[in-house]
Amino acid sequence: MPGVHVVVLAGGVGGARFLSGLRAVAGPQDQITAVINTGDDLTLHGLRICPDLDTVMYTLGEGIDTERGWGRAGETWTVKAELAAYDAEPGWFGLGDRDLATHLVRTRMLDAGFALSAVTAALCRRWQPGVDLLPMSDQRVETHVVVDTPEGTRALHFQEWWVRHRAELPAREFVQVGVADARPAAGVLEAIAGADVLLLAPSNPVVSIGTILGVPGLRAALRDSPAPVVGLSPIVGGAPVRGMADKCLPAIGVPTSAEGGGRHYGARREGGVLNGWLVHTGDGADVPGVRVQAVPLLMADAAATAAMAAAALVLAEDCRSDA
Ligand code: GDP
Ligand code: CA
């Protein structure tokens, strides 16, 4: 029997953990394709850095620092300290020595003319993530955050807002710089059209999944695919499990709740993307036109994460029979 092809839209840490659970429940014939947010990408010291792609690649390749949730295990910071000795800005970005090798290889390949999707595939030959990793787009799309400062209204790169300011400057708006000219990366539309199941990882609905869905053609591809679309709520008990999604949802007028997230994605048959929405046990959610189910959604350990992924696949099957 041929396997099942599952396509997941995902951001960094939440996406990476969920993908490890999905990989654990997948059979040998099954295929997983992950379409990753690249709106957080930035260029520092001439190097192209893709935080979400790297988090997923290192996590699935067992090179992640599990404590921090990002960057390489056993990292050292010699280059960062040397840059600081030159007062080389920005000092707020954690650029580790081991991690630098990834950015060097990526930048060199991009400069040689390879698309980010091809570069990612090349990096994955080392990490063997067991999942096909695709950037959402081969074009540059960068999330900027519009904030009010004493000096007036400014737009910051997402990383500067998130890492340097710890999302403490209230966001007015998120802008995807470059999105109008972007297309889904090589392989993305084909994967979505050929998927048996489509999942939205419990990633940030605004600056991870929202950014991916903003790439022209992506939302339509999801809606046109014959596969059921199931999302998992990153909001548990009215708050993000980790991270600062509660700083993002209010900026787009969405309540920080499982129901708010589900309604924001919306029912597929009403112009949204969802057939099914998984929320955490005890979180009620009324999302018109969407099959909602409550199961434990805390990725506390490998078994709990795998159970979550299995529940998403079961809900997808239930949704298929609705159609
Ligand atoms: P980022 O790019 O590193 O910020 O990561 P993502 O966008 O992929 O994921 C961030 C989201 O993951 C946050 O909004 C968290 O609420 C969510 N998250 C993290 N751990 C868990 C968990 O155990 N369960 C659920 N349901 N969500 C989680
Ligand atoms: Ca991210």
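This is a short tour of a predicted model, stop by stop.

Before you start: residues count from 1 along each chain as its sequence is written, while chains are lettered from A and ligands numbered from 1 in written order. Local features need pLDDT of at least 70 and side-chain atom pairs count only at pLDDT 80 or more, with totals for chains, interfaces and linings using all residues; side-chain values use heavy atoms, leaving out hydrogens and water.

**Whole chain.** Show the cartoon. There are eleven helices and 14 strands (DSSP runs numbered from the N terminus: helices are H or I, at least four residues; strands are E, at least two). Along the principal axes, the C-alpha atoms fill a box of roughly 60 × 50 × 40 Å.

**Ligand 1.** Select ligand 1 and its shell. Of the 20 residues around it, Ser203, Ser208, Pro234, Leu297 and Met299 come nearest (a heavy atom within 4 Å counts as near). The shell has ten nonpolar, eight polar and two charged residues (Asp, Glu, Lys and Arg count as charged; Ala, Val, Leu, Ile, Met, Phe, Trp, Tyr, Cys and Pro as nonpolar; the others, Gly among them, as polar). Now colour helix α1, residues 13-25: three shell residues come from it, the largest share.

**Polar contacts.** Next, show backbone atoms. Which distance separates an oxygen atom of ligand 1 from a polar backbone atom of Met299? It is 2.7 Å. At Ser233, a backbone N or O atom lies 2.8 Å from a ligand 1 nitrogen atom. At Gly14, a backbone N or O atom is 3.2 Å from a ligand 1 oxygen atom. Taken alone, ligand 1 exposes 590 Å², and the protein buries 92% of that (Shrake-Rupley method, 1.4 Å probe).

**Two loops.** Select Glu89 and Pro90. A cis peptide bond joins them, with omega about -5°. Pro90 is in the loop between α3 (78-85) and α4 (97-111). Finish at Glu62, in the loop between α2 (51-60) and α3. Glu62 is not a glycine, yet its phi is positive, about 60°.

Note on methods:
A polar contact is a pair of N or O atoms within 3.5 Å; within protein, one must be able to donate a hydrogen and the other to accept it, and residues adjacent in sequence count only if both atoms are side-chain atoms.
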